[in-house]
Amino acid sequence: MTEVTLTVLHGSDRGKVFRDIAPPVTIGREEGNTIQLNDERISRCHLKIQYDNERLVLTDLDSTNGTKVNGQESHLRILRHGDLVSVGRSMLLVGTEEQIAARVAALQAASDKNIGATMTQDLSAGEGSSALDFEVGERNTDRESAGTLGMIETPEIPDRLSPSQAAQMCEVLEFLHQRLQKLIDHAQIDERTQEVVIDYAAWQRMIDLQSKIGTMIRKAADPDWMD
């Protein structure tokens, strides 16, 4: 992915397509940005998309109203075809129709192998279809559907880590694994309703874990940030 195509789905610039732009790409409301959007809720220089270690990386440039990717607040985020980037009142789709269709096909193949028929049906573009059924004006962009592609794939562990960085990564993952295991151990399954129930103390520990993860994400994205 050495070039990026962005389609404006919502906002004053709806329908505009910025094709095959070579990173780095800056987006903002001020002249001089690679992509200038007519949106008063977007900062003058809102975000940057750059190519790093064979991946597209989005960085929010300390914008006033923030950036969301697939409905999630994001300061630093790897972008993939089909991701939805929300800035101000505007929403942009990453990738061309063909690129998104290729990603859906790859996810469908992985689903067939690892997940089973349920996810396959969700991702299927229709029997006999060779490309993603896609219309800019009709695309479903609510939060649940917007995050579908992004939530299916398990994030990759960064490669080329130094021994100390790899050890730190393992330490963080082990911490999260142990905390989640304790929460799972305290859960109870109601055989009648098939609902999972946890006590209030476990619920509070889950909230605390979410808070700690949020802090980790922010510090990783912005090392100068102070909590």
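The following paragraphs lead the reader through the structure, from its overall make-up to selected residues.

The model is predicted, and for that reason local features need pLDDT of at least 70 and side-chain atom pairs count only at pLDDT 80 or more, while totals for chains, interfaces and linings use all residues. Residues are numbered from 1 along each chain as its sequence is written, and side-chain values use heavy atoms, with hydrogens and water left out.

The chain contains 6 helices and 13 strands; these are DSSP runs numbered from the N terminus, helices being H or I of at least four residues and strands E of at least two. Of the 227 residues in the chain, 31% are buried. Here buried means under 20% relative accessible area and exposed over 50%, with partly exposed in between, for a 1.4 Å probe and protein chains only. The accessible surface of the chain is about 14700 Å², and carbon and sulfur atoms account for 49% of this area. Such areas come from the Shrake-Rupley method with a 1.4 Å probe, and for residues only the protein chains shown count as cover. Among contacts between residues at least 6 apart in sequence, 38% join residues at least 24 apart, where contact means heavy atoms within 4.5 Å.

Six of them form an open sheet: the 6 strands follow the order β2-β1-β11-β10-β7-β8, with antiparallel pairing. Two strands count as paired if DSSP finds at least two bridges between them. At the edges are β2 (17-21) and β8 (72-73), each of which pairs on one side only. In general, strands of a sheet pair through backbone hydrogen bonds, either parallel or antiparallel. Strand β10 (residues 84-87) and strand β11 (residues 90-94) run antiparallel and are joined by 4 bridges. Within this pairing, L84 has L93 in β11 as its bridge partner.

Strand β7 (residues 67-69) includes T67. This residue, T67, counts as buried because its relative accessible area is 1%. Residues that T67 touches, not counting those up to four places away in sequence, include H46, L58, D60, S74 and V85. The side chain of T67 also makes a polar contact with the side chain of H46, at 3.2 Å. A polar contact is a pair of N or O atoms within 3.5 Å; within protein, one must be able to donate a hydrogen and the other to accept it, and residues adjacent in sequence count only if both atoms are side-chain atoms.

S74 lies in the loop between β8 and β9 (76-79). With a relative accessibility of 8%, S74 is buried. Its contacts, leaving aside neighbours within four places in sequence, are with D60, T67, K68 and V69. The side chain of S74 reaches the backbone oxygen of Q72 at 3.0 Å and makes a polar contact with the side chain of R77 at 3.4 Å. S74 and A221 are 147 residues apart along the chain, yet their C-alpha atoms are separated by 8.9 Å.

Charged pairs form another part of the picture. The structure holds 8 salt bridges, a salt bridge being a side-chain nitrogen of Lys or Arg within 4 Å of a carboxyl oxygen of Asp or Glu. One of them joins R55 and E156, whose closest N and O atoms are 2.5 Å apart. Because R55 lies in strand β6 (residues 55-60) and E156 in the loop between α4 (148-152) and α5 (163-186), the pair ties together parts that are 101 residues apart in sequence. E156 is exposed, at 58% relative accessibility.

Another salt bridge links D208 with R179, the closest N and O atoms being 3.2 Å apart. This pair connects distant parts of the chain, since D208 is in helix α6 (residues 200-221) and R179 in helix α5, 29 residues apart. D208 is partly exposed at 31% relative accessible area, whereas R179 is buried at 17% relative accessibility. Together with K212, R179 and D208 belong to a network of salt bridges. A further salt bridge is that of R160 with D159, with the closest N and O atoms 3.8 Å apart. R160 is exposed at 65% relative accessibility, and D159 is partly exposed at 38%.

Helix α6 also contains W203, which is partly exposed with a relative accessible area of 41%. Y200, W203, M206 and I207 form a nonpolar surface patch with about 430 Å² of accessible area together. Patches are made of residues with over 30% relative accessible area and no salt bridge; like charges are joined within 9 Å, and nonpolar side chains (Val, Leu, Ile, Met, Phe, Trp, Tyr) within 5 Å.
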